[in-house]
Amino acid sequence: MGLYRYVGLGVLLNKGMDAVEQAMTESGELLVSTAQGNAPVGETGNLRAGIHLASVERSGLKVTGTVATGGETDYAGYVEGGTSKMDAQPYMAPALLEVAPVAVEALARAARGEFIVTAGNDVIA
């Protein structure tokens with residue numbers, strides 16, 4: 001049987017936040033690939049190619065992921081929502097609805113992580 005010792009709440013919180021950040025990154029990457037698969041392909045393919053995981057940022061106990069369109073796709077919002085002259089061709093909202101349950105499960109797995117404190121200085125997640 002191992003010897004257990006308390007290493008501090010900060011260590012456990014950092015390990016937990018690492019797991020949440022990883023879950024957010026994986027969910028963001030899945031959202032990107034799903035949105036790219038949903039995006040209509042025009043003559044250039046710029047809309048599909050421009051969808052990317054722009055950032056995953058951690059600040060204290062908050063992790064924020066941003067999926068964006070980039071490059072020469074200033075028209076992405078018009079494609080998603082439509083205009084008075086063009087019907088909407090949603091690609092991002094359906095992707096988000098499809099990926100949301102997977103993202104919630106990934107975050108739940110991170111929250112359920114078990115932390116085993118050993119006799120050494122390591123915390124094993």
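Me: R58: what is its relative accessible area?
Reply: R58 has a relative accessible area of 31% and is partly exposed. Buried means under 20% relative accessible area, exposed over 50%, partly exposed in between, with a 1.4 Å probe and protein chains only. Note that this is a predicted model: local features need pLDDT of at least 70, side-chain atom pairs count only at pLDDT 80 or more, and totals for chains, interfaces and linings use all residues. Residues are numbered from 1 along each chain as its sequence is written, and side-chain values use heavy atoms, with hydrogens and water left out.

Me: How many salt bridges in the whole structure?
Reply: The search finds 2. The criterion is a side-chain nitrogen of Lys or Arg within 4 Å of a carboxyl oxygen of Asp or Glu.

Me: Which residue does R58 pair with at 2.6 Å?
Reply: D18, taking the closest N and O atoms. R58 sits in strand β1 (residues 52-59) and D18 in helix α1 (residues 9-38), 40 residues apart. Helices (H or I, at least four residues) and strands (E, at least two) are DSSP runs, numbered from the N terminus.

Me: D18, what's its relative accessibility?
Reply: 40%, so D18 counts as partly exposed.

Me: And what about E21 and R58?
Reply: Their side chains meet in a salt bridge, 3.1 Å from N to O. E21 lies in helix α1 and R58 in strand β1, so this pair ties together parts 37 residues apart in sequence. E21 is partly exposed, with a relative accessible area of 25%. Shared partners join D18, E21 and R58 into one network of salt bridges.

Me: Why can such side chains pair at all?
Reply: Because opposite charges can pair when the charged atoms come close.

Me: How does the lining divide by residue type?
Reply: 11 nonpolar, 4 polar and no charged. Here Ala, Val, Leu, Ile, Met, Phe, Trp, Tyr, Cys and Pro count as nonpolar, Asp, Glu, Lys and Arg as charged, and the others, Gly among them, as polar.

Me: Now S55. Buried or exposed?
Reply: S55 counts as buried, at 19% relative accessibility. S55 lies in strand β1. Not counting residues up to four places away in sequence, S55 touches T64, G65 and T66 (heavy atoms within 4.5 Å).

Me: Where does T66 lie?
Reply: In strand β2. T66 counts as partly exposed at 34% relative accessibility. Leaving aside neighbours within four places in sequence, T66 contacts H52, L53, A54 and S55. T66 and V56 are 6.4 Å apart, C-alpha to C-alpha, and 10 residues apart in sequence.

Me: Overall fold, what pattern does the chain follow?
Reply: α-α-β-β-α-α-β-β along the sequence. That comes to 4 helices and 4 strands. Of the 125 residues, 25% count as buried.
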